Number of protein chains: 2
Amino acid sequence: MISNLAKDLKIYNSISGKKESFIPIEKNNVGMYVCGPTVYSNAHLGNCRTFISFDLIFRYLTHLGFKVRYVRNLTDVGHLENEDDTGEDKISKKARLEKLEPMEVVQKYTIDFHQIMNKFNTIPPNIEPTASGHIIEQIESIKKIISSGYAYEKNGSVYFDISEFNKSKKYGKLSGRKIEEMMNQSRDLDGSSDKKNPQDFALWKKAEKNHIMNWDSPWGKGFPGWHLECTSMSKKYLGESFDIHGGGIDLKFPHHDCEIAQSEAIDGCNPAKYWMHTNMLTLNGKKMSKSVDNFILPFQIFDGQNKILSKKFDPNTVKFFIYQAHYRSILDLSDKALLASEKGFKKLISVFNLIETLKSNENKSDFNVDNWITNCYEKLNDDFNTPMLIAELFDCVKFLNGVNIGSKNLNSSDKNKISTTFKFMLFDILGFSQQLDEKTDHNSQKELIELLIKIRSNARNEKNFKLSDEIRNELLNLGIKLNDDGSSSSFEIMK
Amino acid sequence: MISNLAKDLKIYNSISGKKESFIPIEKNNVGMYVCGPTVYSNAHLGNCRTFISFDLIFRYLTHLGFKVRYVRNLTDVGHLENEDDTGEDKISKKARLEKLEPMEVVQKYTIDFHQIMNKFNTIPPNIEPTASGHIIEQIESIKKIISSGYAYEKNGSVYFDISEFNKSKKYGKLSGRKIEEMMNQSRDLDGSSDKKNPQDFALWKKAEKNHIMNWDSPWGKGFPGWHLECTSMSKKYLGESFDIHGGGIDLKFPHHDCEIAQSEAIDGCNPAKYWMHTNMLTLNGKKMSKSVDNFILPFQIFDGQNKILSKKFDPNTVKFFIYQAHYRSILDLSDKALLASEKGFKKLISVFNLIETLKSNENKSDFNVDNWITNCYEKLNDDFNTPMLIAELFDCVKFLNGVNIGSKNLNSSDKNKISTTFKFMLFDILGFSQQLDEKTDHNSQKELIELLIKIRSNARNEKNFKLSDEIRNELLNLGIKLNDDGSSSSFEIMK
């Protein structure tokens, strides 16, 4: 059952540059494809922002009742070259197991990526296809583009022919770039001179001697161009036309414009009805860059081992920080911003935890709860406006604090509605984790035991042996054994 | 640096039926391939036993100093058929997103499998290739087998020709089965009548109308036979000849015999130097079977939600239970056995936790520690004999208990050696998890706070306000706020 709220959902479509009513192609189903990470290095915080934003979208569409098929790929076909550059003969003689195996690198960083996404409490996509696992599908796509006349083979590589394509169709729909402008700007992906025009892009690249990852193809040994995997895999799992295609704003051009051109060449249509792009994440006002030491990895934020921040921050705090900007706005990470997010999130959660304990009665509430719920959903329906949603939540927080100190009245039925709505918003939709931080728990356990040891020590000094024995025995019942050593005590957990 | 201990390692090789000295093909590197799970259902406990056993082997070889490349595949090419059996026309009209997508099933059970393996604290393999991701490699393998004359195409399927193979080579090396015996026993994988002989097995299967997963091939649309993926993927990542090939004993025939035949047809050699097989896991003396309700899943053991066991058991306990039998012995799971394992493991860990607190001196120990360490490694070197290793650990536990009550002497240097060896054995090699059970921790935190509330309440009754205030304030410092309500107190954690 699709919620009535769904009819008011509006999504900003990058291709029209407007907020549009969301009407899925199939009534109850939504197909969503998001360009995933390249798994040749650690998960990047900017990427995390993108995937957290689409996790929210996935969660909200599911909350509304849609059956969503969410596909996010792993780009595992890279450009690793064999360190041994003395040629094929030497390589084949080199011991097999000593050679670099790209899939070992892929496995390492795929695990890292999944761990980080898990820490952020995001829901895994329904399908997570890999580029290397879909070479056949990509070769099929290339054959179709060649036969439609929009690609040509040269020296074992295949290129998409932008000029030919532009005779009947239009390249650059999404970015709005014009062919003429591109002539000078086109990033030549491989420095090859085999292209007819510099803006043409590779569909298949011939494998050079030292290129480790390669497959047989009708054009010889090689590997697919990067833009192709998303076209082939989105079509395989979502069909020629699906609802939402998402990714970071840096993918708009050339990646997504190339995807559209490829799909138009193969199936004659733009693959996605709604194109969505998340904006950049900067660090202290500047683009993140390793070369100028303006860079931080997600796990460095969690463990505090970095030169950028004054302390460590947990994933909920980082997520709250991300949600405090709209996904289409630039977001700047800084120590100050994270400290403010930590404070804000703690306040929100502590008031949420208070709700059950608040006194309520049958009188009218001093707060229009139905109106507030409507407002919350309106913010989500307005292109997933999380900062405005959070502002709504804080409106209610203010009221609940009033109830807590006895200056505001809360109706019992409203109390239930508020509790349910908070749970929906915080955990189902925004996807905050309810788990307590493990380490905090360990610490507090140790501190509680040490407090009991101190009380017991004082009791013994005051000859209150009844109390000191009670503490010793009760702790033993909990599996905690005190080891008395003269005046001081240590303890041991027996499990 | 490879440890000197490595030269004494002996491995039982299923193909010779003997324990053999382990001499890797390349001096410092080990290539190990283990047949992984089919990800079309929940992780099976018998499979877990296999993967825990090979995790130990991986850990021990790494401990000895070898650089191990451990490859374990995911079988994701299944035999799912479309529920809609009215034919291709109808299916193509059916909405794309409503159709069953096998990769959604694969994703679900891959995540489940990884979670279970993670709970068992196993180390992920270095490469985890999927069958669906290696269709090109499998097609290449088939072409080579056809050109060597050991396979034939019939009606869009390709079969391995056992009779032809047996003219110059020998099928059934591993299982020792004879062709004549197989004539009546051969499990016909697909009920096809296209085979020349019933024992022939499929390398490529033509996709029937409703078969969802299929790829283009030189023989038409279809999918690879199950035996082929391991041949193609082990060769791709470990080479034509590698050191260890492992799997459950049920894979010996036909799967591993087919793999050997395929490799001999392609490269003229048995792919692995050592073939290793883990034995069966039974439940209450019988084969596990869903149909007679003699079945349990790993997570049902962890959460206690099952009709087989009296309580829940944690992953360390299950792992300890698995190690109490040698990997080549049949292992029977029962409530009694798990209860005994729980007791045994607790004893082992509690004595390990004692070591640091034991008193030591410069006198000679009442225990030959060097001899004990040698014995521990001897057990591991004897085909990874974990039950004998555990018996050695308990020999030392007995001594340490003696030291604890003051009846045995422990030398300071020996204390360090024991501590180091225990750490190696328990955590590095047997791979027990050092993490405390989260839930236990939560409970004990709550219980400790309640104990403090009780002590405070008694203090108030006795007018000992100094103590009651101290408890209140110290708890507040720890972020725990007491809410006094007349005679009783509740508390609230403020974070």
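This report walks through the chains, domains, helix packing and chain contacts of a predicted model.

## Ground rules

The model is predicted, so local features need pLDDT of at least 70 and side-chain atom pairs count only at pLDDT 80 or more, while totals for chains, interfaces and linings use all residues. Residues are numbered from 1 along each chain as its sequence is written, and chains are lettered from A and ligands numbered from 1 in the order in which they are written.

## Chain A overall

Chain A has 495 residues, and 41% of them are buried. Buried here means that 20 or more other C-beta atoms, placed from the backbone, lie within 10 Å of the residue's own; 12 or fewer count as exposed, and anything in between as partly exposed.

The chain holds 16 helices and 15 strands. These are DSSP runs numbered from the N terminus: H or I over at least four residues for helices, E over at least two for strands. The C-alpha trace spans about 95 × 65 × 40 Å along its principal axes.

Two residues are in contact if their C-beta atoms, placed from the backbone, lie within 7 Å. Take the contacts in chain A with a separation of 6 or more: 73% join residues 24 or more positions apart.

## Domains 1 and 2

Chain A is divided into domain 1 (23-278), domain 2 (282-429) and domain 3 (438-493). The bounds come from an automatic or database domain assignment. The C-alpha centres of domains 1 and 2 of chain A lie 35 Å apart.

In chain A, 18 residues of domain 1 are in contact with 17 residues of domain 2. On the domain 1 side, α1(A) gives the most, with 11 residues. That side has nine nonpolar, six polar and three charged residues. Nonpolar covers Ala, Val, Leu, Ile, Met, Phe, Trp, Tyr, Cys and Pro; charged covers Asp, Glu, Lys and Arg; the others, Gly among them, are polar.

## A helix pair

Helices α11 (335-354) and α13 (386-404) of chain A pack at about 50 degrees, with axes 10 Å apart. α11(A) is therefore oblique to α13(A). Angles under 35 degrees are roughly parallel, over 145 roughly antiparallel, 65 to 115 roughly perpendicular, and the rest oblique. Axes are lines fitted to C-alpha atoms, for helices over the stretch in contact, and angles run from 0 to 180 degrees between N-to-C directions.

Residues making the contact include Leu348(A) and Val351(A) of α11(A), and Leu393(A) and Val397(A) of α13(A).

## Chain B meets chain A

Here 49 residues of chain B are in contact with 50 residues of chain A. On the chain B side, α15(B) gives the largest share, 12 residues. That side divides into 19 nonpolar, 15 polar and 15 charged residues.
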